[in-house]
Amino acid sequence: MPAQLEPFQDSSSSRAELVPFLMTQFRGEGACDTEQWLRRMAYWWDENPFANAHSCRGWVLRDAGPIVGYLGVIPTFYEDTLGKQIPALIATTWAVAKEHRNAALAMGMMLQRQSSSALLVDTTPSPEVQKLLHRWGWTSRTQIRRSLIIRGISLARLAGLINSNGLTLPNGREITTDLHRVHSMDSTRSQKFLQKHVTPDYLRWYAASPMREHHFIGIVDAQGRLSSYLMLTQKFVKGLSSWTVVDWFTTQETNRELLVMVGHLIRKSPATHGKWWPFISLAAFPHEDPWAGVSYAYQREEAVNHFYSLPDEFKRHEIRSVMAEGDWGL
């Protein structure tokens with residue numbers, strides 16, 4: 001009898017049953033012990049402020065009882081050009097026992113079927129899965145421009161650039177690294193793309209990821225309305241220790257506030273502890289330049305693996321991509 005594919009029915013006991021299988025499948029990069037796997041699942045499905053975006057939690061493959069495959073999803077929201085929330089599912093943790101690899105396609109098809117009602121996001125590093133997503137017609141973003149900025153020694157030059165262009169914050173706005181000061185999102189912007197739906201609760205949730213340390217810097221007014229932010233992590237880029245911007249957002253029509261925050265980061269660390277990391281790493285997807293005006297020390301093209309499957313009504317919409325999509329860092 002062939003292995004049977006069924007929806008993952010989430011519960012404490014089903015999580016406990018799933019963890020041993022995942023521990024056998026993920027032994028190198030991505031390996032977690034029992035406590036870490038259970039912590040991740042609680043983060044994905046219990047603490048996630050967008051957990052109600054979709055009821056699906058993935059699928060398991062069983063061979064006469066025991067689990068031999070799993071494809072998980074994390075619910076979230078994106079938003080359209082009018083700010084309306086779109087239910088979305090982030091693919092995560094796809095593993096199939098070697099002797100059942102012929103069932104992997106059927107598992108992928110279960111995910112693909114969800115695109116009739118939800119936006120799907122996958123940032124898989126697997127070349128085999130990437131080929132499959134291309135074949136199914138998913139929208140792909142596979143190239144970025146990576147820029148490195150030297151901290152400290154380039155301060156004078158950047159400060160001169162900011163002063164000469166009047167890049168200061170309007171009265172009443174200030175920089176903060178404290179997410180507790182963020183009470184709402186400035187909604188004055190005009191939207192041109194599909195993009196992640198962001199709320200103060202979402203930012204606090206993302207910053208608390210159990211898989212990677214994140215650091216927030218944002219611009220708020222006296223009422224705690226957030227107009228722009230960066231989310232960073234410490235990462236080596238070609239062996240260079242860097243503060244890497246993995247997410248950015250602004251409600252402004254220009255990149256002024258983004259540049260003000262970059263200038264702040266050149267002088268000060270976003271963390272209250274840790275070493276002095278000498279570089280800031282910025283990523284820009286094609287057809288956008290949020291960092292225009294920054295003096296960089298190094299720049300190159302870099303391959304990435306962002307894939308999206310859109311419900312029919314959104315097929316013609318462009319997507320604003322950031323590095324922190326999919327389950328990257330979750």
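Predicted model: local features only at pLDDT ≥ 70, side-chain atom pairs only at ≥ 80, totals over all residues.
Residues are numbered from 1 along each chain as its sequence is written, and side-chain values use heavy atoms, leaving out hydrogens and water.

**Second largest pocket**
- Strand E12 (residues 240-250) gives the largest share of the lining, three residues; strands (E, at least two residues) and helices (H or I, at least four) are DSSP runs numbered from the N terminus.
- By class, this lining has eight nonpolar, 10 polar and eight charged residues.

**Largest pocket**
- About 1,500 Å³ of space lies in the largest pocket.
- Its lining counts 46 residues, and Thr123, Thr124, Pro125, Ser126 and Asp327 are the closest to the centre.
- Elements giving two or more residues to this lining include helix H2 (34-47), helix H3 (104-113) and strand E14 (298-309).
- The lining residues divide into 20 nonpolar, 12 polar and 14 charged.

**Threonine 124**
- Threonine 124 sits in the loop between strand E5 (119-122) and helix H4 (127-135).
- Threonine 124 is buried, at a relative accessible area of 11% (buried means under 20%, with a 1.4 Å probe and protein chains only).
- Not counting residues up to four places away in sequence, Threonine 124 touches Val129, Gln130, Leu133 and Asn305 (contact means heavy atoms within 4.5 Å).

**How the pockets are defined**
- A pocket is an open set of points on a 1 Å grid over the protein atoms alone, where a 1.4 Å probe fits, with protein on both sides within 12 Å along at least five of seven lines; lining residues have an atom within 4 Å of a point.
- Grid points are joined across faces, edges and corners, and a volume is the space filled by probe spheres set on the points.
- Ala, Val, Leu, Ile, Met, Phe, Trp, Tyr, Cys and Pro count as nonpolar, Asp, Glu, Lys and Arg as charged, and the others, Gly among them, as polar.

Note on methods. Buried < 20%, exposed > 50% of the residue type's maximum accessible area, 1.4 Å probe, protein only.
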